[in-house]
Amino acid sequence: MTNDQLSANAIAAGLQTRVLGRRIVYFERVGSTNDVAKQLADAGEPEGTLVIADEQTAGRGRLGRAWIAPPHSSILMSLVLRPALAPHQVGWVTMAVALGACQAIRAETGLAVQIKWPNDLIVRGKKLAGILSEAGIVNDELEYVVVGIGVNVNFNVTAIERIPADATTIADELRQPFPRVRLVQTLLQSIEEYYLRVNENLVPEYSARLSTLNQWVCVQTPAGVEAGMAERVNENGALILRRADGSRIELIAGEVTLIKP
Ligand code: BT5
């Protein structure tokens, strides 16, 4: 599509943010933008730097899973953040970024995007974007958080073998290609709005956007599978599940599947 060339200059032109994207590092092709952002953060990179690529050769999801995107088709970006938070509050950053990304994509595309706890953005139950937060912790202090965001934009899911069938893209939803530069700018703007409030309680706003609440779900956690009613999200962004026997469990991370009635 014409005029859809990503570059540091194109993204910087007219960008209204105060912190996010004030420095932009663009790659036509890179291993993983999260890895580059972490290397920069380890070397003292100030808060706000955006690392963005048109292609990743080693794009990652959580738990070593792959993030797949055809070259020049998507938004593959990472932000270096240095929030004044304790390590156990990293979930607040993920909540702020998920809220900002959700708002930006809604505003730009008109799609009814929701958040699937903890870190997916979905439309009509299909995954449109994923978020990967990685914390840099030194001496029990949170030095930085690198937040990676992958948004599926201009490709057809059915044409790409390694992408699960329950994924979708903006072009698939709108049935036409969608320009990325403006979307990146709006993502930075909206994520900044929420990130500047990261010390506030974002749980009510986050909960209002969640697709997961008040439903029977199965959650695959690092410690095993839990099933129950997804009751609420607590102050740290953890999901509170009520099991069939009435007991409750707090889940910090996991993969949610709806249990069909
Ligand atoms: C995520 O992980 O959803 C986080 C994805 C973060 C990607 C960004 S891109 C920029 C930055 N640099 C990186 O290296 N990563 C970040 P998770 O919840 O673990 O989901 C991964 C799973 O989603 C995989 O196992 C696949 O099944 C599926 N998947 C892979 N590519 C997909 C895509 N394009 N759309 C939807 N699902 C996908």
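**Entry 1: the ligand**

I began with the ligand and found one of its nitrogen atoms 2.8 Å from a backbone N or O atom of Ile68. A note before I go on: this is a predicted model, in which local features need pLDDT of at least 70 and side-chain atom pairs count only at pLDDT 80 or more, while totals for chains, interfaces and linings use all residues. Residues are numbered from 1 along each chain as its sequence is written, and side-chain values use heavy atoms, with hydrogens and water left out.

Next I looked up two side chains. Ser32 has a side-chain N or O atom 2.7 Å from an oxygen atom of the ligand. Lys127 places a polar side-chain atom 2.7 Å from an oxygen atom of the ligand. How much of the ligand does the protein bury? Taken alone the ligand exposes 790 Å², and the protein buries 92% of that. These areas come from the Shrake-Rupley method with a 1.4 Å probe; for residues, only the protein chains shown count as cover.

Then I listed the neighbours. The ligand is surrounded by 28 residues, and the closest are Ser32, Arg60, Arg62, Ile68 and Lys127. I count a residue as near when one of its heavy atoms lies within 4 Å of the molecule.

Which elements supply the shell? I noted α2 (33-42), β3, β6 and β7, each giving at least two residues. The largest share, four residues, comes from β6. My helices (H or I, at least four residues) and strands (E, at least two) are DSSP runs, numbered from the N terminus.

**Entry 2: strand β3**

I moved on to β3, residues 75-81. Is β3 enclosed or open? Seven of its seven residues are buried, so β3 is largely enclosed by the rest of the structure. For me, buried means under 20% relative accessible area, exposed over 50%, and partly exposed in between (1.4 Å probe, protein chains only).

In a regular strand the side chains alternate between the two faces of the sheet. I checked both sides of β3: Ile75, Met77, Leu79 and Leu81 are buried on one, and Leu76, Ser78 and Val80 are buried on the other.

Which strands pair with β3? I call two strands paired if DSSP finds at least two bridges between them. Strand β2 (residues 50-53) is antiparallel to β3, with four bridges, and Ala53 stands opposite Leu76. Strand β7 also pairs with β3 in the antiparallel sense, over seven bridges.

I followed β7, which spans residues 141-151 and has nine of its 11 residues buried. Strand β6 (residues 126-138) runs antiparallel to β7, and 10 bridges join them. In this pairing I found Gly130 opposite Gly150.

β6 and β7 form a hairpin with two residues between them. Asn139 is in that loop, and Asn139 has a positive phi of about 50° although it is not a glycine. Is Asn139 buried or exposed? Asn139 is exposed, with a relative accessible area of 71%.

**Entry 3: a buried pair**

Still in β6, I stopped at Glu134. Glu134 counts as buried, at 15% relative accessibility. What does its side chain touch? The side chain of Glu134 makes a polar contact with the side chain of Asn34, at 2.9 Å. By polar contact I mean a pair of N or O atoms within 3.5 Å; within protein, one must be able to donate a hydrogen and the other to accept it, and residues adjacent in sequence count only if both atoms are side-chain atoms.

Asn34 lies in helix α2 and is buried too, at 4% relative accessibility. I also checked Asn34 against Leu76: they are 42 residues apart along the chain, and their C-alpha atoms are separated by 9.3 Å.

Most residues other than glycine have a negative phi, and most peptide bonds are trans. I wrote down two more exceptions. Arg175, in the loop between α4 (170-174) and α5 (181-195), has a positive phi near 60°. Arg175 is exposed, with a relative accessible area of 75%.

Where is the cis peptide bond? It joins Trp117 and Pro118, with omega about 0°. Pro118 lies in the loop between β4 (114-116) and β5 (120-123).
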